[in-house]
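Welcome, and please open the structure in your viewer. We will go from stop to stop, selecting one part at a time.

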Amino acid sequence: MSMIDRWDSSVDFMTRSIEIPELSRSLASRRKFLRLSAAVVASLGALPLLAACGGEDDETPAGSEATSPPDVGPTATAPTDSPTQTPDEAGGEPRRGGTIVQAEVADADNLDPHRYYTTFSSNVINLVCERVIQLTPDLELEPILLDSIEVSEDALIYTMHVREGVKFHNGDTLDAEAIAFSHARADNELAAYPGQFYGATWEVVDPMTVNMIMPEPNSGVILILAFTGCGIVPPNAVAEMNDDMSQHPIGTGPFMFKEWVPGDHATLVAFDEYQNPRPWIENPGRPHVDEILIRVILEEQTQIAELETGGVHLILMPSQQVARFEGNDDAYLIRNEQSTTTAYLAPVTQEQADGTHDWIEPFNDQAVRQAVGWALNVDEIIEGVLGGLAVRNRSTLPTGNPGYSEKFQDMGFEYDPDRAKQLLDEAGWVASSGGVREKDGQRLSIVFWSQAGATFERIGQLVQNYLQQVGFEVVYQGIEQAIFVDRRLSGDCHLVYSTYNWNDPDIVWWLGGDTSLPSGHYVKINPEFDEIAQQGWLVTELDERGDFYYQASKIMVEDGAMIPLWNPVFVDGVRAELKDFKHGAQGRRFFNDAYLEG
Amino acid sequence: MGRYILFRLVGSIPVLMGVVIAVFMMVRLVPGDPVKILTGGGARVTQEQQDALRRQLGLDQPLPVQFVSFVGNLSRGDLGTSYRSKRPVSDEIRSRIPNSAKLAGLALLITIVVGVLTGVIASTHKGSLVDLATMFVATIAVSVPGFWFGLMLILFFSVRLGWLPVSGADSWKNLILPAATLGLRSSAVLARVTRSTMLDVLSQDFVRTARAKGLRERIVIYRHALRNALIPIVTLVGLELGALLTGTFIVETVFAYPGLGLLGIQALQTRDFPLIQGIVLVTATIYVVANLCVDVLYGFLDPRIRYMS
Amino acid sequence: MSVVQAHSSLLGLKERESRSFASIVRRRLARSYHAVAGATILGAIALAALFAPIVAPADPLAMTIEDQFQAPSGKHLFGTDEFGRDILTRVIYGARYSLRVGVLATLIAVGGGTLLGLTSGYFGGWIDGLGQKLIDVLLAFPGLLLALMIIAILGTGLQNVLLALGIGGIPYYARLMRGQVLSLKEREFVEAARVIGAGDTRIMLRHLFPNTLSPLIVVASIDLGANILAAAALSFIGLGAQPPTPEWGAMLSAGRDYMRDQWWIATFPGLAIVVTVLGFNLIGDGLRDALDPRGLE
């Protein structure tokens with residue numbers, strides 16, 4: 001449930017170049033466009049997927065067993081001793097047939113590519129529906145359903161040339177109409193992220209050409225096109241389903257939807273007519289396996305037992321279980337090292353009686369917010385609870401974000417409990433007999449929430465512990481996901497632990513402005529932040545953009561409006577007999593080449 | 001007998017009506033706006049959309065009106081639509097009932113066979129090592145948290161020995177571990193009660209007479225004594241049915257077994273109130289009907305009961 | 001909860017007013033291995049809970065990450081958990097929470113059930129009709145179902161858990177109590193009290209209630225253990241006590257993530273539950289045997 005879905009590319013934007021031949025060719029002719037596209041490609045994932053979230057989103061909570069891995073680090077690197085990493089070593093032709101079984105800790109919420117919120121849904125949809133362009137594992141832009149895409153000189157018109165001969169699972173043929181229809185549907189008020197295309201409209205030029213027309217230039221919109229939530233669907237089929245695909249997604253992907261038994265499993269079958277456009281995938285056509293079965297298994301220990309006994313081939317490995325699978329002959333681990341998810345603490349803002357926004361007492365005092373930052377021993381949480389499977393980060397941007405650079409680490413907090421105590425002293429919260437600080441007869445007492453789940457609750461308890469050591473009284477609760485999302489901004493709690501998974505540097509603006517996020521009213525509280533962060537929208541040069549977001553991020557973090565903690569590293573546990581299973585960008589799972597040995 | 005059954009049937013109608021009222025009230029007592037919960041509470045959903053949904057769900061009507069339409073829908077087998085899956089609650093529940101019935105049925109069988117047999121054996125060997133050992137195990141068994149026992153069974157029989165599948169509902173083998181977990185406690189309770197009832201019966205005159213007549217011990221015990229001990233045993237089985245029914249909530253979660261209980265836990269986690277409401281309603285109804293069957297069984301076992309009522 | 005009903009229906013206990021009965025019971029209890037063993041176990045646990053700050057070697061909440069995952073040793077008899085907390089200490093403090101859940105939930109059930117059963121059985125007529133209907137409806141929600149419903153409404157947390165378990169137990173006690181009262185209220189001593197001019201409340205509390213206590217106590221003693229187990233089950237599905245409360249069920253449930261590598265984290269709170277529930281069951285057995293009217297004549 002994070003608040004935001006993200007494209008992640010954890011590419012260093014300074015070194016990026018465009019490697020999609022069609023795309024670069026059409027762009028290369030114009031200098032101005034090059035700059036735009038450089039920004040675009042660098043920020044590749046950066047599509048501000050506005051996620052805002054309401055319900056559960058496609059977020060990937062740090063290290064939580066309650067979430068699924070995707071959306072996270074792009075490059076999957078298996079341990080060298082992994083028996084299955086290289087297909088050639090495995091020897092022999094990929095075996096055809098069989099069913100790959102994958103386990104999730106929660107069920108999909110909705111299988112409509114334009115209306116789902118959770119990663120559990122996107123894991124299914126991603127295999128069924130494709131987007132016009134997608135990211136490669138190296139975070140290059142790659143046309144999937146297009147021959148090419150061109151951008152006009154004024155950067156207002158994106159012309160998409162549709163690939164010939166692409167079939168939907170229902171037999172329909174992909175055309176410009178389907179793309180215009182799908183994008184508009186992903187943008188309308190019933191979509192999970194309405195308006196995510198920044199006001200774009202679509203115009204079908206001819207049966208195989210469609211223009212996306214922007215009201216003003218926006219360097220981020222191209223990556224929206226690659227978002228799982230903007231999958232291309234056949235218009236006729238959607239009409240037949242009364243505009244409700246929630247039970248039956250249809251797309252052009254390598255697997256066709258077969259069945260969804262809510263709360264238990266979803267089954268996908270190989271699409272015989274699939275034609276793979278990706279050079280980094282070997283299999284040109286139909287996937288080797290016949291089916292993918294995605295099972296819901298709530299209990300972590302049961303998932304692990306299934307992986308050990310071979311009942312399941314693939315799980316997201318809980319961080320505290322990683323060690324026991326190192327060197328295991330029956331299963332191997334794949335780490336997504338370059339996480340683009342950020343875990344953070346944030347005091348909750350709320351609308352006041354006079355319509356303004358502010359924190360709830362005692363966090364309306366800047367010193368108290370900052371004291372939280374200094375009180376936390378983040379390195380100890382990473383080592384002690386996450387088993388080292390996270391990268392310390394002091395800024396709002398994950399290290400994989402294209403706007404990120406080293407200088408972002410000059411903000412934020414270190415572990416310095418004395419400084420925290422001093423700040424509280426100076427703010428008038430003085431130590432009393434019980435260890436809890438008081439001011440004017442009031443106790444420094446807060447309610448702290450995270451979502452429920454073993455890893456969340458371990459992190460939450462440790463945070464509670466640090467805060468108590470500097471004189472807070474903390475009531476901590478792990479709240480069931482759906483209730484957490486619903487009630488965390490209702491004034492029932494003062495402080496939340498949360499994560500977001502978003503890859504454009506403009507996430508900084510969203511964190512301050514998106515009312516569904518815990519620190520979401522910061523733009524209203526701090527006009528200076530708002531102004532600087534908004535300027536980031538107007539430039540296309542990534543260096544410049546990054547600079548604006550650096551300043552905005554610094555204002556927000558140093559104020560204690562948000563206390564960034566780390567970027568989690570997600571780990572997949574894979575059965576040894578599952579060969580050539582790959583990760584794409586954001587840890588998306590690809591089964592085109594995968595096969596089951598023996 | 002027919003009149004007795006009819007009498008019992010009629011008697012359970014007000015109970016079921018009470019259950020319906022209780023369940024209806026329960027969902028309306030939940031703090032928080034169901035519409036907010038349903039839409040996720042995000043800023044994205046407009047007020048108009050929320051209002052539309054409220055109207056669609058009938059939540060804008062006064063409670064009595066809501067109740068009338070609730071009962072009306074119920075009488076047509078319409079339990080509403082799951083927030084989460086957008087499918088009719090009745091379909092969701094119907095698809096899970098066979099699985100839960102199989103699981104609870106096997107657990108019941110284990111309970112009766114294991115419970116009665118050990119109880120009888122312990123009673124006929126009173127004071128022996130067998131008696132002490134079985135009663136010791138039974139006492140421990142009722143003190144062990146069920147989910148823990150289930151996880152241990154998985155570790156031993158699935159992971160260590162590789163004999164049985166860990167989870168799911170693919171074959172009859174999937175039933176064994178969850179049914180054993182579920183039946184453990186109930187069979188322990190039943191064993192203890194069977195033992196003490198049998199001890200009572202065995203000390204009575206007619207048993208002595210039967211023995212004196214030279215009947216074989218096995219016939220004395222299973223034909224004569226056990227039949228007379230049946231009423232308390234049946235009573236207890238009826239009661240343990242309740243424990244078995246809700247035990248499925250925990251056990252199905254451990255074994256990822258797609259029954260009504262797991263559906264209930266997921267509904268609780270996602271606050272899917274129409275589904276929670278439907279599951280509670282159906283579970284309670286099953287329980288009431290099961291107890292009705294037990295009552296009828298009494299009537300067969302002990303004709304006096306028929307006339308008493 | 002079904003245990004309650006089971007025992008109540010099987011006990012067949014009747015009130016005993018004679019003093020000799022009380023002394024027989026006391027003698028029987030002292031001779032019962034079950035009762036003595038149960039009382040010893042629970043006594044030790046209750047003492048540990050009471051004097052936790054003195055008995056426990058450490059602070060149950062203080063976290064020292066450097067000390068995490070230490071196996072049982074002379075320094076930490078039960079080892080340490082994922083936060084470096086001493087598990088022995090947490091088990092000792094945990095007795096306070098787990099016993100509280102068991103005792104308070106049972107008290108709510110006994111209190112509510114007694115009130116409902118007593119008034120219903122004593123007054124009869126429409127009050128009884130209504131009371132009985134209420135009992136029947138509540139009884140239609142088997143086992144944990146009522147508790148789950150209540151927690152769905154109230155939310156999680158230890159207070160709500162014990163409230164939910166308590167309310168869930170009410171109908172069983174109410175039925176037990178009503179049955180007792182029905183058979184007692186026509187007895188001479190009740191008549192006698194009425195003739196003297198005792199009011200309804202007085203008759204119910206002074207004359208009827210004390211004479212229904214025996215079966216109630218037996219059932220409640222077993223129910224205490226059952227409620228501790230139920231709280232553990234609720235922790236497993238995430239509806240129980242919130243961290244860092246060292247309630248045993250919550251500790252066992254959180255410890256299951258480590259059960260394969262750091263077995264001690266879950267094993268000791270698990271054992272604490274088993275032993276305590278066993279203690280309550282043993283006492284229940286002992287009480288039942290001791291209060292059994294058979295063999296008195």
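A residue counts as buried if 20 or more other C-beta atoms lie within 10 Å of its own, with the C-beta atoms placed from the backbone. Keep in mind along the way that this is a predicted model.

**Stop 1: a helix of chain B**

Select residues 2-29 of chain B, which form helix H1. Which residues of H1(B) are buried? Val15(B), Val19(B) and Val23(B) are. Now show what covers the buried residues of H1(B): the cover includes helix H12 (273-301) of chain B, and helix H6 (125-139) of chain C is also part of it.

While H1(B) is selected, try its length. With 28 residues at 1.5 Å a residue, this helix should span 40 Å, and its end C-alpha atoms are 41 Å apart, so the two agree.

**Stop 2: all of chain B**

The C-alpha atoms of the chain fill a box of roughly 85 × 55 × 30 Å, taken along the principal axes. Of the 309 residues in chain B, 46% are buried. Consider next the contacts in this chain between residues at least 6 apart in sequence: 74% of them join residues at least 24 apart.

**Stop 3: where chain B touches chain C**

Show chains B and C together. Their contact takes 41 residues from chain B and 33 residues from chain C. On the side of chain B that touches chain C, the elements that give two or more residues include H1, helix H7 (146-160) and helix H8 (173-202) of chain B.

**Stop 4: two helices crossing in chain C**

Stay with chain C and select helix H3 (residues 33-50) and helix H13 (residues 264-291). Their axes come within 7 Å and cross at roughly 140°. Why are they called oblique? Angles over 145 degrees would count as roughly antiparallel and those from 65 to 115 as roughly perpendicular, so H3(C) and H13(C) are oblique to each other. The crossing of H3(C) past H13(C) is left-handed. To see the contact itself, show side chains: among them are Gly38(C), Ile41(C) and Leu42(C) of H3(C), and Gly279(C), Phe280(C) and Ile283(C) of H13(C).

**Stop 5: an open sheet in chain A**

Move to chain A, where four strands form an open sheet in the order S5-S6-S8-S7, with antiparallel pairing. Strand S5 (146-151) and strand S7 (201-206) of chain A are the edge strands, each pairing on one side only. On average, neighbouring strands of this sheet are turned by 20° against each other, direction ignored.

Zoom in on S5(A) and strand S6 (residues 157-162) of chain A, which are joined in the antiparallel sense by five bridges. What is the bridge partner of Ile149(A) in S6(A)? Look for Met160(A).

**Stop 6: a strand with two partners**

Finally, select strand S11 (residues 291-296) of chain A. Six bridges join S11(A) to strand S2 (residues 99-104) of chain A, and these two run parallel. Here Val101(A) stands opposite Leu293(A). Strand S10 (residues 265-270) of chain A runs antiparallel to S11(A), with five bridges between them. In that pairing, His265(A) has Arg295(A) as its bridge partner.

How values were computed. Residues numbered from 1 in each chain as written. Chains lettered and ligands numbered in written order. Predicted model: local features only at pLDDT ≥ 70, side-chain atom pairs only at ≥ 80, totals over all residues. Expected span 1.5 Å × (residues − 1). Buried ≥ 20, exposed ≤ 12 C-beta atoms within 10 Å, placed from the backbone. Contact = placed C-beta atoms within 7 Å. Pairing = 2+ DSSP bridges. Axes fitted to C-alpha atoms, helices over the stretch in contact; angles between N-to-C directions. Parallel < 35°, antiparallel > 145°, perpendicular 65-115°, else oblique. Left-handed = near helix turned anticlockwise from the far one by under 90°.
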